[in-house]
Amino acid sequence: MFPCRLPDPVTKEWTANIWKIDSPKLILSDTVRQIRALLVELNTIIDDVPPDPGPRRFGNVSFRRWYDTVEAQLPTLLSLYLPDRVLSFSKSSVVAPQVELQSYLLGALGSLQRLDYGTGHELSFLAFLGCIWKLGGFSTDSAEDEERGIVLGIIEPYLLLVRRLIKTYTLEPAGSHGVWGLDDHSFLPYLFGSAQYGPAISDTDETPTEGSLPNAPDPADVVKVAAVGRERATNMYFSAIGFIYDVKKGPFWEHSPMLYDISGVRGGWAKINKGMIKMYVAEVLSKFPVVQHFYFGSLFSWDEDPEATSPPDSIHIANQPLQNHAKFPKGDTGPAPTAQLGNAMAPWASATSAASSAFIGTAAPWSKRSAVTSPTLAFPSQTEQRNISQTPRMPSNFNPSSAGQNSSEKQTTRVLPPPTRAPWAKD
């Protein structure tokens, strides 16, 4: 997405070929045009499913009717607008490519249950495009032209579709950090839009980390409504900023403090782009609340990295029950884990004290009553309970140690303590 540095055939000087939204120099392949037409169809369905009238705090329930309509028509739309080589791609998986493509595209349109939209849904649309690329749907004759066509010819129209969904059905931000996040709904337009204003490079140059186009607007212009209105039609970064002005009121530094802080970067748009890439990896791809809703299949599979470092030990990991599932047949996890005394002990407790305390009755710290010895921990039977209830009241000065039993009888005969009495009870 960085501008191209090309030699002028007449003046022999280097010129910058700038890539703008809907630029006439943009080359769109047949697949890109077909997916653009698919997005137009999804946009048309919004006209057929108007929102319910009346003010609502949360999302409009008509979004669910729109979602159901799209889900019902999507198999036909994919068959109509995607190349046959994509849908008929042969692979070893039992799941057809169209099933996975349909799942990723539906996941890119927001949540049917929560009536919200966020960067996780945006990531699902990237997976949809990635699946088409892996299935050979996009042209590889000129990869650079095809990549620019995907960004400006597909992703930008998709973002416009999503913004209309948000405004029409008042979709809530999904997992938003509020004022502490970059944007309530999207991230990609800031990544690609900052690259549009980066310095011009040739095919052999590395991605720049500093600098800007000579005529690029200043990053601080995001607080100027007139500048945003002028640039939003040609740049993805300012297009996203313009949507913020459409849905939010008040000072920009107040409702978007992170974007306001980024506007003060002195290294130019290339440095902002470098920071956006790092932030996308850290705040989207590496966040469990985002990735937990991502579907894995045969095109994007869940594969464990053999070189990945193990998570650090913690008190929760150390006390997990240990089972070796590889020893049991598939579907059988083995016998149920048996409870062990040591697994439920406090770190400062010892097994000896825990075992001995199990046979001592609960007593207040100030109690002077001697412990009752018993070879095993057992509750009295119903017959013993009836005998206990019929036992006459013992004198208050009863002493179990002087009851006349020998030493062997003290360990085998149950000795009952004096009955519990309230302090105000009278004999």
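This is a predicted model: local features need pLDDT of at least 70, side-chain atom pairs count only at pLDDT 80 or more; totals for chains, interfaces and linings use all residues.
**View 1. Helices α1 and α6 side by side.** Here we're looking at α1, residues 30-48, packed against α6, residues 143-169. Their axes sit 10 Å apart, at an angle of about 5 degrees. An angle under 35 degrees counts as roughly parallel, so α1 is roughly parallel to α6. Sort the residues of this contact by class and you get 13 nonpolar, four polar and four charged.

**View 2. Helix α7 crossing helix α12.** This pair is made of α7 (residues 188-196) and α12 (residues 269-285), with axes that come within 8 Å and cross at roughly 155 degrees. Anything over 145 degrees counts as roughly antiparallel, which means α7 and α12 are roughly antiparallel to each other. The crossing of α7 past α12 is left-handed.

**View 3. Who meets whom between α7 and α12.** From α7, look for Leu188, Tyr190, Leu191, Ser194 and Ala195. On the α12 side they meet Trp269, Ile272, Asn273, Met276, Ile277 and Tyr280. By class, this contact has nine nonpolar residues, two polar ones and no charged ones.

View 4. Now for Ile241: leaving out residues up to four places away in sequence, Ile241 touches Tyr190, Val222, Val228, Phe252 and Leu259. As a general rule, nonpolar side chains in soluble globular proteins tend to be buried together.

Key
Residues are numbered from 1 along each chain as its sequence is written. Side-chain values use heavy atoms; hydrogens and water are left out. Axes are lines fitted to C-alpha atoms, for helices over the stretch in contact, and angles run from 0 to 180 degrees between N-to-C directions. Helices (H or I, at least four residues) and strands (E, at least two) are DSSP runs, numbered from the N terminus. Angles under 35 degrees count as roughly parallel, over 145 as roughly antiparallel, 65 to 115 as roughly perpendicular and the rest as oblique. Ala, Val, Leu, Ile, Met, Phe, Trp, Tyr, Cys and Pro count as nonpolar, Asp, Glu, Lys and Arg as charged, and the others, Gly among them, as polar. A crossing is left-handed if the near helix is turned anticlockwise from the far one by less than a right angle, and right-handed if clockwise. Contact means heavy atoms within 4.5 Å.
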